[in-house]
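Could you walk me through the metal sites and salt bridges of this model? I would like to learn how to read each feature in general and then in this case.

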Amino acid sequence: MIVASEILKKHQLRNTEIRRQVLSIFIELGDTALSSQEIEEKFDKIDRVTLYRVLKNFEEKGIIHVAIDGSNKTRYAMCSDNCTTHHHHDQHAHFHCQKCDTTTCMDMINVPAVRIPKDYVLEDAQLVLTGICKNCI
Ligand SMILES: [Zn+2]
Ligand SMILES: [Zn+2]
Ligand SMILES: [Zn+2]
């Protein structure tokens, strides 16, 4: 069982209540990605700016990653264990459900290797899948 405070310690982050609460939401959701607004809705009251900072900080530290899903929302999801500060290794597909607007990390599907023209430098590639999720079928 992963505990939020252990992750904070591992990434040398001070154990504050807000960090612990936000991280616990991500741990609980596992593969599901959430926008800051969706996280906000899980709290009775949370300062938007503080939440935004927590998310940015977690992303920088390699705790959560941006799950590009083709929607206009920025969503975040838990990273794999081997992500570190400024080094993300979340090269998996993201599935966006057109019915319930949920985004899921698909760890089992890797972004395929592509060959690009030799005068280009590839720095990032995303694989976005859209369709109907298992809860909506
Ligand atoms: Zn990551
Ligand atoms: Zn769905
Ligand atoms: Zn992901």
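The dialogue below takes up the metal sites and then the salt bridges.

Q: What should I know before I start reading?

A: This is a predicted model, in which local features need pLDDT of at least 70 and side-chain atom pairs count only at pLDDT 80 or more, while totals for chains, interfaces and linings use all residues. Residues are numbered from 1 along each chain as its sequence is written, chains are lettered from A and ligands numbered from 1 in the order in which they are written, and side-chain values use heavy atoms, with hydrogens and water left out.

Q: Which residues are the protein donors of the zinc ion (ligand 1)?

A: Donors are N, O and S atoms within 2.8 Å of the metal (3.2 Å for Na, K and Ca); water is not among the atoms, so sites may look incomplete. Here the protein donors are C79 (SG), C83 (SG), H88 (ND1) and D90 (OD), at 1.9 to 2.3 Å from the ion. Their spacing in sequence is C-x3-C-x4-H-x1-D.

Q: Are C83 buried or exposed, and how do I judge that?

A: Buried means under 20% relative accessible area, exposed over 50%, and partly exposed in between (1.4 Å probe, protein chains only). C83 counts as buried because its relative accessibility is 1%. H88, at 28%, is partly exposed.

Q: What is the geometry of the site of the zinc ion (ligand 1)?

A: Four donors count as tetrahedral if all angles lie between 85 and 135 degrees. The ideal angle for four tetrahedral donors is 109.5 degrees. The site of ligand 1 is tetrahedral, with angles of 99 to 121 degrees among its four donor atoms.

Q: Which residues coordinate the zinc ion (ligand 2)?

A: C97 (SG), C100 (SG), C133 (SG) and C136 (SG) do, at 2.2 to 2.3 Å. They are spaced C-x2-C-x32-C-x2-C in sequence, and this site is tetrahedral too, with angles of 105 to 113 degrees. C133 is buried, at 10% relative accessible area.

Q: How many salt bridges are there?

A: A salt bridge is a side-chain nitrogen of Lys or Arg within 4 Å of a carboxyl oxygen of Asp or Glu. The count comes to six. One of them pairs E38 with R75, whose closest N and O atoms are 3.1 Å apart, and both residues are buried.

Q: What about E40?

A: E40 bridges to R48, with the closest N and O atoms 2.9 Å apart. E40 is buried at 19%, whereas R48 is exposed at 57%.

Q: Which residues are linked in a network of salt bridges?

A: The network links E38, D69, K73, R75 and D101. Within it, K73 and D101 form a salt bridge at 2.8 Å.

Technical notes. Four donors count as tetrahedral if all angles lie between 85 and 135 degrees; four count as square planar and six as octahedral if opposite donors are over 155 degrees apart and all others between 65 and 115; anything else is irregular.
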